[in-house]
Amino acid sequence: MAEILLSEAEKAFIHHGVQDDLRCDGRTRLDYRPIILETGLVSNASGSARLRLANSDILVGVKVELASPSPDKPQEGRLEFFVDCSANATPEFEGRGGEDLANEICRFLQRSYASGDTINLAELSILSGQQCWVLYVDILILECGGNLYDATFMAVKSALYATQIPSIKVATMDGDQPELELSDDPYDTKRLNTENLPCVVTLMKIGNHYLVDPTPEEECCSSSGIVVAVSGNKKITAVRKIGSGSLHPDSLVSMLKTGSDVGAKVNKTLMIKLLEEKNLEKSQKVGFMR
Amino acid sequence: MPVDSRRLQGPENSFSYKLLEKKNDNEEEAALSADLQKILIGTNKVRKDKRIPSDARPLCNVTITGIVSQAKGSAYIEQGNTKLVCGVYGPREVQKKSDFSLNGQLFCEFKFAPFSCQKRRGHQQDNEELVLSGLLREALEAAVCLHQFPKAQVEVNVMVIENDGSPLAAALTCASLALASASIPMYDLVIGTSVRQLPKLLLLDPTKDEEWEPELNHDEDNSNLTIGFMPSTHQIAAYVHEGVSKTEDLEQMLKLATEYCLKVQPVVQLCLKEVVEKTLSNESENKVDE
Amino acid sequence: MSGNELLSDQGLRIDGRKPNELRRIRCSLGIFSQADGSAYLEQGNTKVLAAVYGPHEIRGSKSKALHDKAFINCQFSTATFSMGERKRRPRGDRKSTEMSTHLEETFSAAIRTELYPRSQIDIFVEVLQADGGNYTACVNAAMMALVDAGVPLKDTVVSCTASLVKDVPLVDVNHVEQSGGSPELVVSILPNSGEIVYMSLTQRFHIDHLSKVLDTAIKGCKDIGAILNEIMKGHLTKLDTSLQAS
């Protein structure tokens, strides 16, 4: 998010473009920019994905670890999110400079994944009250080119889709100490059901209209918008107003409606693409070498 | 996060003894069948604190002047058992010179007192508090006339003394009262409220027990909505929704919340009017004395 | 892990390399559009990203400004998922801070800082996947990013590691060899002048071996330098043709 300075004339130009449903890069208000997605890039992680939405670049690594479940939820595993804004994106993120933004995104991820409708945490339990899987979802923001929320959520969903959880068996109870047996075959793994994991749609309001997938310049022109997390079955799992402006209830409601429609479409397309990608051969991986 | 070693820390791992408490039979049965409705409201459609679903807890003990004597403006409100105090300082010079801005800046700090929740809170702001601070700032920025005090900043500190549900909603109301008492120019007051959604039922202003718990695995139509509404301008300054719901239901929830805010507006205005009258009469007395 | 496992009787290393064989190096330049210069570098399974911003005005406190040369600011961070065990923090721990300082020293020696008095050059490196030789990969990637940014250098900086197993010097050590308890010598050099700008050794070996191991590391540096030079040339020719085409 290198600092963007726009003159009044440039702002007016963007405004008029949005009004006429033709944005600076030729898109209509409800179009996304091209997306590049690849999974399985980091071999040290149990699942990983890299997503590039125009200039926004996100790398997600999922690590699967064993832990004891929290005392109030003995029969469930956990998802732990951690967002790191790399200084690669902008010098302002150096040291602890990116923490505010990281926190915001992290919290929204937690909240939208919290409902039992999106992910079945009971699937991650191994031995009730004693052992469970913890999925550490670590998000690395490498470049900010606008619309970070959408890009992050898509990348997280893809990384979780690619995550392989090893099969584990609970062997004889020796006194109170159960023994865990890890399968010898490294390919003996299972995948999570990721069908319902939420995708996010950011809608920014510019003038009397709203648009999806804003560029940094458009974000700069708008004072308010909403981020809507939509699960695979078209339910809304979290909403937040962003920006320092305010919205009329009517426009908010219509934004919510558009958001949930677009979100469902994004989700569907993403699932199709992920399946296609899974069936590709490993030698075709490109990574950062273009 | 580095811990503050100068303060006495509790043991790293501890959990509330209340988790071991046996629930009474009725509740256990209901919990097993995951029927929240039964837990929260009895068959006679009355909540535990004898409210009907569409009833909010009364705002009481609203104190506006002198609650924090050093602050320029302050306010204390109680909404049921949710009690919080807010102090406003400024406008004063921006401390960090690098953050030059032609508009005024708001600095918000949202803090739960360590003893305010069931689980003990640390002295340092945790991630949740940081995010709530951000939400509070974004909402108030929409209401405060920032252009009136360029190159200066206003500090808003909210401390929750007791949290019994809807802390952000109460904080919004409290902070806008404190801002008004500090004579910070505003377009409108921000009035906050929360709505809890259950299948086919909406509860206005939920208590802690009624609030949507993020980790509970209940499926459909379960969510929490907090809004900050500016009644005179009819604008939404804050909107946070968490949990699973359909778009149509969100519309309903929003309607219920805005209606409540419109109802509360005269009450809040009355409180402010009293303060202004008191200050004016004090001033005139002082003049007579001279 | 004993020396036998690290170096077989046939003289092959645990990943099948010969003692004087480097891991595969791949590198691409200019992968980010917002940074002034950026590079991605793979050295075997070690994968590193580097971005360069500047030279620009000093950010933050002006007291950091040097009146006669540019201030080099480096940050070394490791992705939390980059290693076998999950890391809790990407940076801010002692090791990362130490790495950042070493990077700063290395590049202050290589960049023609005297050309930019009172300004700052930022170098940010991010380890995406760690498999030994993180520091060397970071130096090499940062150097490529500096080239991409067009920052004037006295000379390219290249870095390489070497180790000693069963009295045989090994070049470009991987994670297994590094954590197996064998010594690791890290060297960064300016290949044209042959000057050493950074050197560090973990563990110990007899001083008689030092020249042998050092020579291996320097040879490794020069080889890496040649490979990176080729990549650099390829990138610049591509840039040139695309400029001419437009």
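A nonpolar core here means a set of buried Ala, Val, Leu, Ile, Met, Phe, Trp, Tyr and Cys residues joined through C-beta atoms within 7 Å, where buried means 20 or more other C-beta atoms within 10 Å of a residue's own, with C-beta atoms placed from the backbone. This is a predicted model, so local features need pLDDT of at least 70 and side-chain atom pairs count only at pLDDT 80 or more, while totals for chains, interfaces and linings use all residues. Residues are numbered from 1 along each chain as its sequence is written, and chains are lettered from A in the order in which they are written.

**View 1. Around C:Ala141.** Skipping neighbours within four places in sequence, C:Ala141 is in contact (C-beta atoms, placed from the backbone, within 7 Å) with C:Ala39, C:Leu41, C:Val48, C:Leu49, C:Ala50 and C:Val125.

**View 2. The annotated domain in chain A.** An unreviewed UniProt entry puts "domain: Exoribonuclease phosphorolytic" at residues 32-166 and 197-260. Residues 32-166 are 22% helix and 38% strand, with end C-alpha atoms 36 Å apart. For residues 197-260 it's 28% helix and 41% strand, and the ends sit 14 Å apart, again by C-alpha atoms.

**View 3. Chain B, element by element.** Five helices and nine strands run α-α-β-β-β-β-α-β-α-β-β-β-β-α from the N terminus. Of its 290 residues, 40% count as buried.

Terms used: Two residues are in contact if their C-beta atoms, placed from the backbone, lie within 7 Å. UniProt positions are given in the numbering used here, feature names are shortened, and annotations may be inferred rather than shown by experiment. Helices (H or I, at least four residues) and strands (E, at least two) are DSSP runs, numbered from the N terminus. A residue is buried if 20 or more other C-beta atoms lie within 10 Å of its own, exposed if 12 or fewer, and partly exposed in between; C-beta atoms are placed from the backbone.
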